[in-house]
Amino acid sequence: MDYISQVLFVMCLLVAGYFLTKRINRIRKNIQLGKAEDRSDNPAERFKIMALIALGQKKMFDKPIVGLMHLVIYLGFIIINLEILEIILDGILGTHRLFAPYLGGLYIYLIIIFEFLAVGVIVTCVIFLIRRNILKIRRFWAYEITKWPRTDANIILITEILLMLAFLSWNASDSILQQREVGHYAGINAGPFAFSQWLMPLFTGWSDSAIMVYERFAWWFHILGILTFAIYVTYSKHLHIALAFPNTYFSKLAPKGKLQNMPVVTNEVKQMLGIPADPALETAPETPQPETPVEIGRFGAKDINDLTWKHLMDAYSCTECGRCTAACPANITGKKLSPRKIMMDTRDRMEEVGRSLEKGGPGLEDGKSLIDSYVTREELLACTTCNACVSACPVNINPLDIIIELRRYMAMEDAKVPGSWNAMFSNIENNMAPWKFSPSDRFNWADKLKETPQNGQ
Amino acid sequence: MNPTTYNVPTLAEMIAEGKEPEILFWVGCAGSFDDRYKAVTIAFVKILNAVGINFAVLGPEENCTGDPARRAGNDFLFQMQAIANIQVLNGYNVKKIVTACPHCFNTIKNEYPELGGNYEIIHHSTFLQQLINQGRIKLQGGGEFKGKRITYHDSCYLGRANKIYEAPREVLAALDADLVEMKRSRAKGLCCGAGGSQMFKEAEPGSKEINIERTEEALATGATVIASACPFCMTMLTDGVKNKEKETQVKVYDIAELIARAEKL
Ligand code: SF4
Ligand code: SF4
């Protein structure tokens, strides 16, 4: 009997592992659709940022109460993994509470901590459900938060509640069986536990075998739920639980005001101005030129493959929390731009391309593109490059970078920007200032001053 | 008092005389052409003169840094400007630059080095703060802003972009004024609406203009002076105050103007 359930359990693990690996590979391939970019410098600083932002949840505490609640779920998630380890080993080996004899008196304290967190998670998830669905916090009801993102968030919260309830009721039924000294439960003396003991009265009228059925049901429900959830997470905004770590590690280290340079453009401009394009080649003339000229990509980004892998990882790390959008001056004043939507669009486009490639379809060549099919030009034009979104994001996502790449495509490939921008461009080109003034008048401001005596006369 | 006139030498003149300035004052397009911001340029030059700083300007040799072109997506035009400017600056062997424009500051500080332009660049807020700390600007405490309610609007390109939050506030603190903060300030500050080349086009349709939202926030503090440290913010907030028909009660000043006025320059 036990033997059958062990085989069954291992099969479940393998099936879940298969789907999970497949999904992780897909995500990796999707991210690799992006261009190369080196973000391996300064590991010490990068570790520090990751420790502060991802591990330490620093930015979550910009909103202290939400930060605290999020911390409970986060700790619950991490610490309960220990319990899951025991469950998995029990499942494979056909044992029951494998760790109990080894840990002795410590075991009960551990489970009490888990239960404490489980209750914390339940309470927090209930509050979060209320905030989303009853209080209707504005950033969860914006126009880009359509039915699916809303459902996704609710599915996650409800699943977490169910998983935690299964865990607690499993402990309760187990404790009763231990007390009644039924079968193999007899030898284990691990319960009752801090919180689940309050659930024990629910089972008092039940027969031993009924409780045993429930105990097994709760156990299986809990672990199968977790396995399913693990796969589900890869399709969900909840992927941030894993990607927040690499994503913060690879954060932009330069000051926020610095935009990425375009070396291809630098070379062309230097050629036009008659400046040696690459000083490295000048000092070392024997350096062989590459045989085939490096393929010059598009100027700026039209689609996801014109963005870098980091932009794409950003999109997969987005939790759709909307803190960026809530801080965006354009969005606050009713413009269509929402940095969160830029991230969601990028991710949706990646998923679309990935699905198509998986089926041997056209992938990127499907006649669509990130710009126009997903992000409209009106959105892109409204950005003031103020960095409020970048600064607000709890996992260091940079929506502005993507916006600028898309704008570069509009300005340099498509040459379609508002007429007043074109006028500004030609003013800069011809008058060396964005306004139509004569360059020779540039110093006129000083004329009056030169005649003014000092000391306020 | 000695009726010497103000001195605004160009770098070319100075070099021709075999002299070298301690710093180059990068005026910027707004500082050169915008009527309102020209007053800021003049105020700053008066301070430099009064303190006896050995400075020069590029005058007609200065070009747009290219910031508006880059933010609008035209990296070609940006780099044309940047590289031309860098040639001029490197040609004169410029080492230290001060500017009253956060956009020029950001571009020269963060984006020029990759293109071969490496300078020590200081925004005028930091520069003024240093002069105050060194005792070279000695405010008597008092002056026309003593006890007045002043609120400071963070420029995105100084604040979030380059983490300069305290210098302008410390300059204001030296005025002995009553500093009040807006609801959104420092890292959480709200943009004036002009960055990212928005200055050079109509805003996209929405429910409100960004500068109006920001001005309302500034007015809500009850301040009679809105201090800024950026030409774009200056324009946007001045327009906002006009739009609210508050221009007689509430004034928008650059921090350099506040110092110059307090010093009666
Ligand atoms: S940088 Fe652009 S998208 Fe981000 S908050 Fe500012 S205006 Fe909005
Ligand atoms: S980009 Fe960051 S702040 Fe914006 S919704 Fe995604 S996770 Fe939240």
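Predicted model: local features only at pLDDT ≥ 70, side-chain atom pairs only at ≥ 80, totals over all residues.
The domain assignment of chain B places domain 1 at residues 11–128 and domain 2 at residues 139–262, and the centres of the two domains, taken over C-alpha atoms, are separated by 23 Å. Between them, domain 1 and domain 2 of chain B bury an area of about 2,000 Å², and carbon and sulfur atoms give 71% of that area.

The polar side of this domain interface can be described as well. The rule finds ten residue pairs in polar contact across the interface of domain 1 and domain 2 of chain B, counting pairs in which both residues are at pLDDT 80 or more. Elsewhere in the description of chain B, a salt bridge joins the side chains of B:Glu257 and B:Arg36, with 2.7 Å from N to O.

B:Asp35 counts as exposed because its relative accessibility is 62%, whereas B:Lys38, at 22% relative accessibility, counts as partly exposed.

B:Glu111 forms a salt bridge with B:Arg71, and the closest N and O atoms are 2.7 Å apart. Because B:Glu111 lies in helix α6 of chain B and B:Arg71 in helix α4 of chain B, the pair ties together parts that are 40 residues apart in sequence. Both B:Glu111 and B:Arg71 are buried. They also belong to a network of salt bridges that links A:Glu405, A:Arg408, B:Asp67, B:Arg70, B:Arg71, B:Asp75 and B:Glu111.

That network, with members from chain A and chain B, leads on to the contact between the chains. Here 78 residues from chain B and 65 residues from chain A take part, and the two chains bury about 6,300 Å² between them, 66% of it on carbon and sulfur atoms. Of the area that chain B buries against chain A, B:Phe33, B:Phe76 and B:Phe200 supply 12%, which is more than any other three residues.

Across the interface of chain B and chain A the rule finds three salt bridges; A:Lys258 forms a salt bridge with B:Glu114, with the closest N and O atoms 3.1 Å apart. The rule also finds 29 residue pairs in polar contact across the interface of chain B and chain A, both residues being at pLDDT 80 or more. The elements of chain B that give two or more residues to the side touching chain A are α2 (28–33), α3, α4, α5 (75–91), α6, α8 (159–162) and α10 (210–219). With eight residues, α5(B) gives the most to that side. By class, the side of chain B that touches chain A has 33 nonpolar, 26 polar and 19 charged residues.

Over all chains, the structure holds 44 salt bridges. One within chain A is formed by A:Asp414 with A:Arg377, whose closest N and O atoms are 2.7 Å apart. A:Asp414 lies in the loop between α18 (399–413) and α19 (419–431) of chain A, while A:Arg377 lies in helix α16 (residues 377–381) of chain A, so the pair ties together parts that are 37 residues apart in sequence. At 22% relative accessibility A:Asp414 counts as partly exposed, and at 18% A:Arg377 counts as buried.

The last stop is helix α9 (residues 166–173) of chain B, in which B:Ala167, B:Pro168, B:Arg169, B:Val171 and B:Leu172 are buried. What covers the buried residues of α9(B) includes α7 (124–133), β5 (149–152), β6 (178–180), β7 (225–228) and α12 (255–262) of chain B.

Definitions and conventions: Residues numbered from 1 in each chain as written. Chains lettered and ligands numbered in written order. Heavy atoms only, no water. Buried < 20%, exposed > 50% of the residue type's maximum accessible area, 1.4 Å probe, protein only. Helix = DSSP H or I, 4+ residues; strand = E, 2+ residues; numbered from the N terminus. Contact = heavy atoms within 4.5 Å. Domains from an automatic or database assignment. Buried area = accessible area lost by both parts, 1.4 Å probe. Salt bridge = Lys/Arg side-chain N within 4 Å of Asp/Glu carboxyl O. Polar contact = N/O pair within 3.5 Å; in protein donor to acceptor, adjacent residues only side chain to side chain. Nonpolar A, V, L, I, M, F, W, Y, C, P; charged D, E, K, R; others polar.
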